[in-house]
Amino acid sequence: MPISSPWRTAASIVLLAAVVTAPTGARAGAAEKDTRVDIDIRAGLAAVGDVAIGVNHAIWDSQLGTPAVSGLLKDAGVTMVRYPGGSYADIYHWRDHTAPGGYVAPNTDFDTFMAGARATGAEPMIIANYGTGTAQEAADWVRYANITKGYDATYWTIGNENYGNGHYGSNWEADEHADKSPKEYAAHVVAYSQAMKAVDPSIKVGAVLTMPGNWPDAIVGPGDQGSWNQEVLSRAGSAIDFVDVHWYPGGATPAEALTKPAQITDAVHLLRRQIDRYAGANAARIGISMTETNVDVGRNTQPGALYLADVYSGLLAQGVFTVHWWNVHNGLGTVSTIAGQTDYGDYGLLSSGNCNADNSVCQPPLNTPFAPYHALSLIGSFAQPGDRFVAAGTDDPLVSAHAVRKADGDVAVLLINKDPDAAHTVSLAHHGYTPSAGTPTVATFTNGADAVTTARTGSGTEQTLAPYSITLVTLDTAATAAAPPAPAQPSATVTDRTATISWPSAGANLKYEVYRQNGGAAELLGETTGTSLTARNLDPGRRYTINVVARDGAGRISPPSPPLTFTTATPGGSSCTVEFRNTNDWGNGYVGQIDITNNGPAVSGWTLAFTWPTGWQSLNSGWNATWTESARTVRVTSDTALASGATTGAGFVGSYSGPNVPPSVFTLNGTVCTSV
């Protein structure tokens, strides 16, 4: 993103500078028993790794690596720190510790950073200079870090937001290469990776991609054969170990910003699908890191805290191996009042202690934690290495829920009340386990508080959430002695209506149960004493996520298998065939083309129907037929006859404000078509 010297103040292509207020329309009054939260330990999501909780450090931050900051980050549970800081990475030269055109604070060199990382107990994520550097410079950095100094720095990314180099129009990222295409970037990623791994084969190298639904996702630049992600993965997939994305989803108000985490599951699914489609035979080994995220409003007040808790949990649950907040310090921005609290427009977790030009507004003292820091500390307690996320869901859009099964068998539930005005009393419904009858330990961070409070309160089945709060409930559960081991990764073979799910044996004399994830309460698809099960009566073209659990003769249940996500097919040999194509995309809209072939008898007129997969997709206009839209259902109607074997086409302009999941199921005159 753009560099604003010395502090970075831009986090999206378009900045929102208006003073904002608390969201309107929320319910006021006393706590309402209107929210149900389901938690199901049989529906497993991703495991928490050793570097899950990350933050950014920057060479223009005079507090980088200081004992005070390292201590605060350690207390928050940070396990990864990123260096040398966003767009500065593409102008930074590590050997002489310079960033031509930018500001470098004293005592921020690489060794100082590593000392701070070690004091924090965190692994480094290092950005090699692509914009103004070379593969040799990066290889020399690996040699210095891991051979000369023995730092054992594993994770290295090649550049930062390099799609912002002007190739697509917007130009904030330094790039001295004459060719600024993704093809050129991919070629250098391969060269960097080879040079760096020649020094230390154990390192992991990452390439910069863009998050699906964010600019310039799906845009094909001049002279390119595909989008940035497609070109980079196709050409450099065999040379990388992970991809690195950023996410600043925006939102003009706090209420809008707090709806954005709902996009995570679809965005990560689309990114994983891009990796699998374009990165080659070993694409499954490629991980995903999210090394920058933040909000446009309420950055250092409660909306930022609520967003952080929701986004870290959502991304980690979907298998992103590390999530990083931008930034440790950033500095004073546009000052406003959010939900009764002064917001300094600061992307930092900690106060920079600075003032505006006339000293009329000053931040709190240096290193005072802002609200997102306290949210981060709750995440550090909630999601620890060895824990596994499990399914959790709510029936209230103003309350989010996430859950993990701890390594010791206990269950932790993170509850986020996005209502700025009303408390909510939630009922907790437990599936696959029974919490102890004792009063649970509850940690809470409320609007305007300067610390997290911890107490034993409520029960394992009911908790009251303060307005605009984050609540972490830790539930003791009875240990199950000698439970069966978790089944290994399942696989599936699908048709339009069935999925045959198989898995390796987890031992003798076991029964297996297959569960479909469905919010926070999983649905039992079937059980068997074998190692394969066919689920029937599925919907065509639908995405399913399942887990397998094992149960022994005493009724003891295993942990769930790793999740398996698959999409059913559309029927083969249907009386109609539909081909859907995105022919021109500009980042928040596109031209779509639908070609329809009639494989059956001639018809005198026809109606094609499909449903948008998400709520942030819509129809703008269409041609060659009559287009109508009702909620998420689109109907395309024509009085024109369609002969047997004939093909006709219709086009439209669509809009999207999140990951653009393409529709995959179409009906012609009520019959489900074959999609190609």
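These are my notebook entries on a predicted model.

**Ground rules**

I number residues from 1 along each chain as its sequence is written. Because the model is predicted, local features need pLDDT of at least 70, side-chain atom pairs count only at pLDDT 80 or more, and totals for chains, interfaces and linings use all residues, while side-chain values use heavy atoms, with hydrogens and water left out.

**Entry 1: confidence**

I looked up pLDDT, the predictor's confidence in each residue, from 0 to 100. The protein has a mean pLDDT of 94, and 95% of its residues reach 70 or more. Over residues 1-30 the pLDDT stays under 50. For that stretch the model has 84 contacts beyond four places in sequence, where contact means heavy atoms within 4.5 Å. Where pLDDT is low, the predicted coordinates should not be read in detail.

**Entry 2: a sheet**

I took helices (H or I, at least four residues) and strands (E, at least two) as DSSP runs, numbered from the N terminus. I counted two strands as paired if DSSP finds at least two bridges between them. I noted an open sheet of 5 strands in the order 30-33-28-27-36, with mixed pairing. Which strands stand at the edges? They are strand 30 (617-623) and strand 36 (674-675), each with a single partner strand, so one side of each has no neighbour in the sheet. Val 578 stands opposite Ser 675 in strand 36.

**Entry 3: helix 4 and helix 5**

Two packed helices are described by the angle between their axes and the distance between the axes. I used axes that are lines fitted to C-alpha atoms, for helices over the stretch in contact, with angles from 0 to 180 degrees between N-to-C directions. The axes of helix 4 (residues 182-199) and helix 5 come within 8 Å and cross at roughly 35 degrees. Which residues of helix 4 meet helix 5? I listed Pro 182, Lys 183, Tyr 185, Ala 186, Val 189 and Val 190, which meet Trp 228, Glu 231, Val 232, Arg 235 and Ala 236 in helix 5. By class this contact has 8 nonpolar, no polar and 3 charged residues. Here Ala, Val, Leu, Ile, Met, Phe, Trp, Tyr, Cys and Pro count as nonpolar, Asp, Glu, Lys and Arg as charged, and the others, Gly among them, as polar.

**Entry 4: backbone exceptions**

Most residues other than glycine have a negative phi, and most peptide bonds are trans. I found a cis peptide bond between Trp 215 and Pro 216, with omega about 0 degrees. Pro 216 is in the loop between strand 6 (204-208) and helix 5 (228-236). Ala 218 is found in the loop between strand 6 and helix 5, and has a positive phi of about 75 degrees although it is not a glycine.

A cis bond also joins Trp 326 and Asn 327, with omega about 25 degrees. Asn 327 is in the loop between strand 9 (322-325) and strand 10 (336-338).

Asn 107 has a positive phi near 60 degrees and sits in the loop between strand 3 (80-83) and helix 2 (110-120).

For accessibility I used relative accessible area: buried is under 20%, exposed over 50%, partly exposed in between (1.4 Å probe, protein chains only). Asn 107 counts as exposed at 60%, and Ala 218 as partly exposed at 26%.
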